[in-house]
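These are my notebook entries on what I looked up in this structure.

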Amino acid sequence: MASIPAPHTQLAPATPAPAALPRSLVALLAGAAGLSVASLYYSQPMLGVLGPDIGASERTVGLVPTLTQLGYALGIGLLAPLGDRYDRRRIIVIKAAVLALALLVAGAAPGVAWLLAASLVIGLAATLAQDVVPAAATLAPEAHRGKVVGTVMTGLLGGILLSRVISGFVAEHFGWRAVFIAAALSIVAVGAAAWRGLPRFQPTTRLAYGALLGSLAQLWRRHAALRRATLAQGLLSVGFSAFWSTLAVMLHAAPFHLGSAAAGAFGLAGAAGALAAPLAGRMADRGGPGRVTRWGAGLVTLSFAGMAALPLLPPGAGLWLLGLAAVGFDLGIQATLIAHQSIVYGIEPGARSRLNAVLFVGVFVGMAVGAALGSLALSSWGWPGVTALATAAALAALAVRLRTPQD
């Protein structure tokens, strides 16, 4: 019987990294990551006007962001590993073309069925962001990989942060269809720039598609560092999702009695994470990513634990506490994610796309678990229950990192 090649069997060495990446190339990668991931969030602020315009109920139109996120999660597991099998530049360009087309279909949708189908495809194709980040890690010189990945992640996080603001403004002044059309044009620009500006990437494996997906489990079993990174980041995602999935409900009730706009304003805390990404990358380059993961997980734990004082404060002071906690845990989570990516990308250079897929599947599983447990905790024990859940998850992530100082 012929032997089966190991999942990391390489056709050729990974695309060699130059002494330093041109700033224009780093900017291209950061912009591509930000604009593509923004496509996941454009619809959220528009649901209130979108539904009545196409004759869809609130329940039905709520499936738009759900299918978009589902498509993204499926794309990470089913499409992101292809970056090790084929030229990443070609994958990015193809996904950009599909994403632009899906956004145009969404903008021209005559009814909700077309919009829902387009939303699923938008999520699948928006995973080009998860091709861009491994591409940046491959192109960057090893001594500056953390800094480059951090800068690209700044673009990605900036896309998440600004997408809702831009979408709401454009929809209010020009209509919701204009948002999707403008987004499609931006992705066309991304695809053209990627085709002209990115180098070709040598495939690093000959594995067929089924074996490529199967190798994800083999990578998981073979590399303890991958398991630790995925587990720790997944636990941090539990606390993150528990907070954000219950915040609006908590603020709507006594003693705050605030609307959804106030809850959305707390999302500006995401700017802290975006600004922290390059700094975390530099720290990982200089002092080692393991140290950054411990620092980040510790900051997240302290931020969540500090929210236990909320019932003891008057409403005004309580809002300040929530804002400071949101800045703290977002900064810590994003810094830890950058450091975990630095660890994971250094495990097997020929399997970076698959390693990245495993890491982010863990993140999305943590998000889903956090949303479910957060809602349960809020209904059963109120905000103290959410605080306890988030703190316990962060403390578990810190324990994982403290037990593995060698990473």
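I looked up the buried residues of α6 and found Leu115, Leu116, Ala118, Ser119, Ile122, Gly123 and Ala125, where buried means under 20% relative accessible area, exposed over 50% and partly exposed in between, with a 1.4 Å probe and protein chains only. I note that this is a predicted model, in which local features need pLDDT of at least 70 and side-chain atom pairs count only at pLDDT 80 or more, while totals for chains, interfaces and linings use all residues. Residues are numbered from 1 along each chain as its sequence is written, and side-chain values use heavy atoms, with hydrogens and water left out.

I then checked the span of α6: its 14 residues reach 20 Å from first C-alpha to last, close to the 20 Å expected at 1.5 Å a residue, the expected span being 1.5 Å times one less than the number of residues.

Next I turned to cavities, and the structure holds one of 30 Å³ or more. A cavity here is a set of points, on a 1 Å grid over the protein atoms alone, where a 1.4 Å probe fits but cannot get out, and its lining residues have an atom within 4 Å of a point. The largest cavity has a volume of about 50 Å³, a volume being the space filled by probe spheres set on the points, which are joined across faces, edges and corners. Its lining consists of Ser39, Leu40, Ser43, Val64, Thr68, Ala106, Leu115, Ser119, Ile122 and Phe180. The elements giving two or more residues to this lining are α4 (63-78) and α6 (112-125), and the largest share, three residues, comes from α6. By class I find six nonpolar, four polar and no charged residues, with Ala, Val, Leu, Ile, Met, Phe, Trp, Tyr, Cys and Pro taken as nonpolar, Asp, Glu, Lys and Arg as charged, and the others, Gly among them, as polar.

I also looked up Leu398, which is found in helix α16 (residues 352-402). Why does Leu398 count as buried? Leu398 counts as buried because its relative accessibility is 15%. Setting aside neighbours within four places in sequence, Leu398 is in contact (heavy atoms within 4.5 Å) with Arg294, Ala297, Gly298 and Thr301. Leu398 and Ala232 are 166 residues apart in sequence, yet 7.4 Å apart in space, C-alpha to C-alpha.

Last, for the whole protein chain, I record 16 helices and zero strands, both being DSSP runs numbered from the N terminus (helices H or I, at least four residues; strands E, at least two). Of its 407 residues, 53% count as buried.

Technical notes. 1 Å grid on protein atoms, 1.4 Å probe; cavity = no way out; pocket = protein on both sides within 12 Å on 5 of 7 lines; lining within 4 Å.
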